[in-house]
Amino acid sequence: MLRLQAFRYELIPNGWQERLMLCFAGSCRFVCNKVLVLQKERHGKGGKKLGYAGLCRWLAGWRHSAETDWLAKEASSE
């Protein structure tokens, strides 16, 4: 007999943890949108889509860019 069981957990962050989670979610959304624009531009020009390694190189460039240097701070664990 197969028994299925599930557990439900609730996160109750304090104010500091909630701020960190919101900042992390915002930076993830920013990177996702930049990747989407990049892939659409490449597709529009007839190029192939980038794989994981190619996108990692772009992300490293964005983290070290002057206008998006805040990404390096967000990605590091505090």
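Buried denotes a relative accessible area under 20%, exposed over 50%, and partly exposed in between, computed with a 1.4 Å probe and protein chains only. The legends below concern a predicted model, in which local features need pLDDT of at least 70, side-chain atom pairs count only at pLDDT 80 or more, and totals for chains, interfaces and linings use all residues. Residues are numbered from 1 along each chain as its sequence is written, and side-chain values use heavy atoms, with hydrogens and water left out.

**View 1. Gly61 in helix H2.** Gly61 has its place in helix H2; helices (H or I, at least four residues) and strands (E, at least two) are DSSP runs, numbered from the N terminus. With a relative accessibility of 40%, Gly61 counts as partly exposed. Gly61 and Lys49 are 12 residues apart along the chain, and 18 Å separates their C-alpha atoms.

**View 2. The protein chain as a whole.** The protein chain contains 3 helices and 0 strands, in the order α-α-α along the sequence. Its radius of gyration is 18 Å, well over the 12 Å that the globule rule gives for 78 residues, so the chain is more spread out than a compact globule. This radius is taken over C-alpha atoms, and the globule rule is 2.2 Å times the number of residues to the power 0.38. Along the principal axes, the C-alpha atoms of the protein chain fill a box of roughly 55 × 40 × 20 Å. Of the 78 residues, 13% count as buried.

**View 3. Helix H1 and its ends.** Helix H1 covers residues 15-44, and its 30 residues should span 44 Å at 1.5 Å a residue; the end C-alpha atoms are 43 Å apart, which agrees. The expected span is 1.5 Å times one less than the number of residues. At the N-terminal end, Asn14 caps H1, with a side-chain oxygen 3.2 Å from the backbone nitrogen of Trp16. After H1 comes Gly46, whose phi is positive, near 85 degrees. The buried residues of H1 are Ser27, Val31, Val35, Leu38 and Gln39.

View 4. Apart from neighbours within four places in sequence, Ser27 is in contact (heavy atoms within 4.5 Å) with Trp70, Leu71 and Glu74.

**View 5. The aromatic pair Trp58 and Trp62.** Rings of Phe, Tyr and Trp (its six-membered ring) pair if their centres lie within 6.5 Å; planes under 30 degrees apart count as stacked, over 60 as edge-to-face and the rest as tilted. The count by this rule is 2 aromatic pairs. In one of them, the ring centres of Trp58 and Trp62 are 6.0 Å apart and the planes stand at 50 degrees, so the pair is tilted. Both residues lie in helix H2 (residues 52-63), 4 residues apart, about one turn of the helix. Trp58 is partly exposed at 37% relative accessibility, whereas Trp62 is buried, with a relative accessible area of 10%.

View 6. Thr68 belongs to the loop between H2 and helix H3 (70-75). Its relative accessible area is 6%, so Thr68 is buried. When neighbours within four places in sequence are left aside, the residues in contact with Thr68 are Phe30, Trp62 and Arg63.

Methods. Polar contact = N/O pair within 3.5 Å; in protein donor to acceptor, adjacent residues only side chain to side chain.
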